[in-house]
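Dear colleague,

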Amino acid sequence: MLDKIIIDGLSFALPLFVMAIGGIYSERSGITNLALEGLQGAGAFVGALVATFLMMALPSESQIPYYAAMFTAMIGGMLYAMLHAVLCVNFKANQVISGVVINILAMALTVFLTKVVNRIAFGAASDKFLLNVSSRWTIPGLSSIPIVGAVFKDIYPFEVIIVLVAIIAWYVLYRTRYGMHVRACGDNPQAVDAAGIDVAKIRFSAVMISGALSGLAGMCFAYSISAKYASTIYVGYGYLSIAALIFGSWKILPTLGACLLFGFAKSAGHQIVQVLEMPSSYSDLVMVFPYVLTLLLLIFFSKHNAAPKALGEIYDKGKR
Amino acid sequence: MSDYIIEMKNITKKFPGIVANDSVSIQIKKGEVYALLGENGAGKSTLMSMLFGMYEPDEGEIYVRGKKETISSPKYATQLNIGMVHQHFKLVSNFTITENIIMGMEPQKKFLGILPYVDVKGSDKKIAELSREYGLEVDPTKRIDEINVSTQQRVEILKMLYREAEILIFDEPTAVLTPQEIEFLLDIIKGLKEAGKTIILITHKLEEIKKVADRCAILCKGKLVDVLDVATTSTKEMANKMVGREVNFEVDKPEPHYGKEVLSVQNLTVKDDNGFDVVKNASFSIRGGEILAIAGVSGNGQVELADAIAGLMPAAGGKIILNGQDITHDNIRKRIDDGIAYIPEDRQKYGLILDFQLKENFPLKNYCKEPFSKKGILNYSEFDSFGEKLIEKYDIRSGQGNKTIVRSMSGGNQQKAIIAREVEQDASLVIFVQPTRGLDIGAIENIHKQIVAEREKGKAILLISLELDEVMSLADTIAVIYSGEILKVADAKTLSVKEVGEFMMGVKGNETKK
Amino acid sequence: MKQKNNSIAKFFVKMLGNEKYQFITIPVFSIIVSLLVGAIVILLLGKNPVEAYGNLLQGSGLLMKEKYAGGKGMLTDFLSFVDYWTPMIFAALAVAVALKAGLFNIGVSGQMLAAGFIASVTVGYSTLAAPIAKPLVIIICFVVGSLVGGLIGFLKHKFNINEVVSSIMLNYIVQYVTAFFIYTKYVDPVSRQSKNIADAARLTLKNVEIGALKGDIPLGIILAVIVAFIIKYVFDKTTFGYEIKAIGFNTNASKYAGINVGKNMVIAMMISGGLAGLAGATYYLGYFCSMQPKVLAATGYDAIAVSLLGNSNPMGILASSFLINIINKGSTYMSSKAGLDAEIASVITGLILLFSACGAYIQYLVKKNKDKIEENKKAKGEA
């Protein structure tokens, strides 16, 4: 049972984490990003669409659709995120409103397009794309260590991808020029501008990165939760990851901690329902758990969190 | 080859509604200290922002080292070895000194020979060397939010030197410094000149020009009035040219007639959000007809002190007594009703609802009382007549009178509106925080007159100002605050500028305090 | 080419340039652009957009259909349209009240469901007589909604929790908790929804004979219109409205002026939640008479579009909700008639929302071009 909690917990926490990293990029650059929810859905839509086409062309045991889906979901999320970037950076719209608008539009568009594509391309009246069941890896040796071994058991391939992406994202944000500029933009864009760096470009690209990482996360959810793409992808995980990055006070490592907490809370809840042999309707009650936990944690951590100083501020270069 | 390192010819720059620079031409020699003198809004900063590539001129040409240049960005200005210290420092608060200095020109190293990363450690050493070379000692690993304003300014100067700037522009560099720090900065400027740098100093303070500048260009309302040789010109002459008329430096202030004690602050302690004591154990009192000015360097707790008296911040300890009544734990509304008027430092953030019309801003503190409302229903005709009365009485200028959205008004008129509203409260205590910040000389004179007039009505006045001149010319009593502590309270006549300056630095306080 | 650009700019400046009417011209512009984009999509799908949009009006009872089933007519369609319109008005007013106070209530759907659920299980499944049951439903829904809304305001005020995040969390909590109770206690085994409530508790009078027709009389609409006028009065004429607007524009200055920011924020959110509760009443105990578990009403999200479009002004909201409701209500008929997916309705609504979010930018563009044109004119005049 503990194994199951760890395995399921990780497979939920890691996508959440990679999405939160995206959020961190955007918000550290000074752009409030409530659009994560929509970005992950839009990205996953593109990924699932590509996978569906590839699955028809390739033999059923091929792993190519899986990785192609991950990759194209990142591209899709990135492209869709440009909408948020244009609104916030170029059009100077209210960033909170923009984020919410983008979420609503993402949901409407993807649900509509899923139906249209299904009808036109596959001649089926369906509101979802079915995906292959993801393969799972178990690392021999390591996985037989008691308790900790579960970390190496039944891993989704995407978990490995996420760990790699997270390490790169950490390195870029904290060690490279670009990352330094991103972090500076969220604190004092005037200083960045005076140093001869284009604030708009940095912010625009940071929002695009958040789109790519969200898209990846969305695709992972599509594979891990139900092996299909449907409107059920919009269950608020985007908002959950925002909550996670707030506890993590916009830093990558503490955010990982928050995500793991959510992940294990969720999987433990499910295990309890199963172990106590409660009727399945009780799983609805258990589903509430991460959200309640989020609210409670927010109550304790929101008061003194150190949000980036220039977060949500519109930067107008010409302003005197 | 021209003799001049910088030539700006017939520069014109327009912003919506104003001509910031009107065909201005200046020529700057290599190695001189060139001052740009003018009131706020005369167009000095705009002119230099164009030299630094932040705006492009609408008309005119810029020559650098005899070559015509289009300076389209600060980046290009940096390539031309031009550097600028802005009035509001452009520093990233959660970065170290080193990171701030190298930003935009970061030296990189390769991790494992492939992965590029910013070499912060190596830069630390380089910055430390650079700072020693020019006598601008700093600890490169300290974060900006851990160091004081004067050190931050040094970081800005180092930033220019790191970029190998030859032409250094200083925009109002002394506005945030104590007299002693100003002396130190002027010495640094002299040192930079000796090192062969060309320096452009934007200022409205004549003494500074007298001390360091070789030549001085005077701007008035966007136009170049004159270029003077500083050594042969008197300060009075410069001042008259700057304002375009005779200036009266002195404030007309009759002898004080003190009344009853209005405000008494006893052992007041205020904590900020992080639990630090920003005001420590402060005690003083103000009588009717008295102006008590608090002198101090920015960020030493004076704003928090005013906020605590007005009720915007809670008192963590001590007592505030107004007209014999303990108001320490009263809410803001109660304090307003009991007689506290407050002109806040940040007029746009605190003083006004910028998206309201002018007439809606006047009763901001009285809207819930008759005649402005009855039983929760507003009476807009009262808003109209009150607004018209105040606009007339205080000469507030705006596009559409009563109906003007306040955001569209000029800073000076916004401040007039706040002062009108607060003075009309007829409160027994009036708190002025930085009442003349960012205003031109005409407006400043006007506001000083108003402060004195309130004093003559027998009001108790608490004046908080970073401008030592203002403190010295208006105060009956001076209290000096340093690091949240009131180090000295004394009759203004018994203190010299130098003494006040020393208290402001915290140099003198500790031995005089028991 | 330049000449052409100029005349286009001039045209837009002429259409949108008058600041006095921008509150109406810019939203109308957003709507037209969205409808045009929608039309292109419809064309791409090989359908006739004019017909499709006509179907929307027909489905809303605003245009004659070719034929009607027995007992149905344009009037009954329109009554049904109004029945569906009512919760939208309440929901948009809920968003608007919060927006005025500078808060973003994205939890309207959750508040609707919470209110609808409590009212259903207390009054809806009781045997109370209509004169008691109906007012009781309204009161309960208002109270439940305002409790949820107030909680969001309280969390914001006391713990500095972003209201968007907390309302989303509450949305999910409400959704799953109600689903749990519906599945375990109130489920209708056939429809898998909650059991239908008693007619006595319902705010819509079903199948009333009107001449030869049989239609539904929505009682809630009267309340909705009255409430819209009350809210307008409160914002324009009362000290409370003045305080809320002041807080919405500038919390610091409001605090400085002695306004109790925290208290007013919580009250504003309570009113907002209460209105969302009324939306829930007219939705779950009016237009519908049962709840679908684990599903939040789209009305709560569309209300954001309606409110932005209507400039958060109650009168503007009456107009914009009417329009959005045509798209929503008519989409079913359009889908059956033109063979288009009904989901295109929410895409168009989403587009309208997107363009309204750009409203400030459009305003800025128009202003810029206007200044340019005027300067050109001046220059010409001088020359």
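Predicted model: local features only at pLDDT ≥ 70, side-chain atom pairs only at ≥ 80, totals over all residues.

Residues are numbered from 1 along each chain as its sequence is written, chains are lettered from A and ligands numbered from 1 in the order in which they are written, and side-chain values use heavy atoms, with hydrogens and water left out.

Chain A has eleven helices and two strands, where helices (H or I, at least four residues) and strands (E, at least two) are DSSP runs numbered from the N terminus. Along the sequence the order is α-α-α-α-β-α-α-α-α-β-α-α-α. The radius of gyration of chain A is 20 Å, close to the 20 Å that the globule rule gives for 320 residues, so chain A is as compact as a globular protein of that length; the radius is taken over C-alpha atoms, and the rule is 2.2 Å times the number of residues to the power 0.38. Of these 320 residues, 59% count as buried, a word that here means under 20% relative accessible area, with exposed meaning over 50% and partly exposed in between (1.4 Å probe, protein chains only).

Turning to chain C, 42 residues from chain A and 39 residues from chain C take part in the contact, which is defined by heavy atoms within 4.5 Å. About 3800 Å² is buried between chain A and chain C, 81% of it on carbon and sulfur atoms; buried area is the accessible area (1.4 Å probe) that two parts lose on being put together, summed over both. On the chain A side, Phe112(A), Asp284(A) and Leu295(A) lose the most area to chain C, together 16% of what that side buries. Three salt bridges are counted between chain A and chain C, each being a side-chain nitrogen of Lys or Arg within 4 Å of a carboxyl oxygen of Asp or Glu. Asp284(A) also forms a salt bridge with Lys294(C), with the closest N and O atoms 3.0 Å apart.

With chain B, 23 residues of chain A are in contact with 28 residues of chain B, and the area buried between them is about 2100 Å², of which carbon and sulfur atoms give 57%. One salt bridge is counted between chain A and chain B, and Glu106(B) and Arg177(A) meet in a salt bridge at 3.5 Å, N to O. The largest share of the side of chain A that touches chain B, six residues, comes from α6(A).

Finally, 46 salt bridges are found over all chains. In chain B, Asp214(B) pairs with Lys193(B), the closest N and O atoms being 3.2 Å apart; this pair links distant parts of the chain, 21 residues apart. Asp214(B) is partly exposed, with a relative accessible area of 25%, and Lys193(B) is partly exposed at 30%. Lys459(B) and Glu454(B) also form a salt bridge, and both of these residues are buried.

With best wishes
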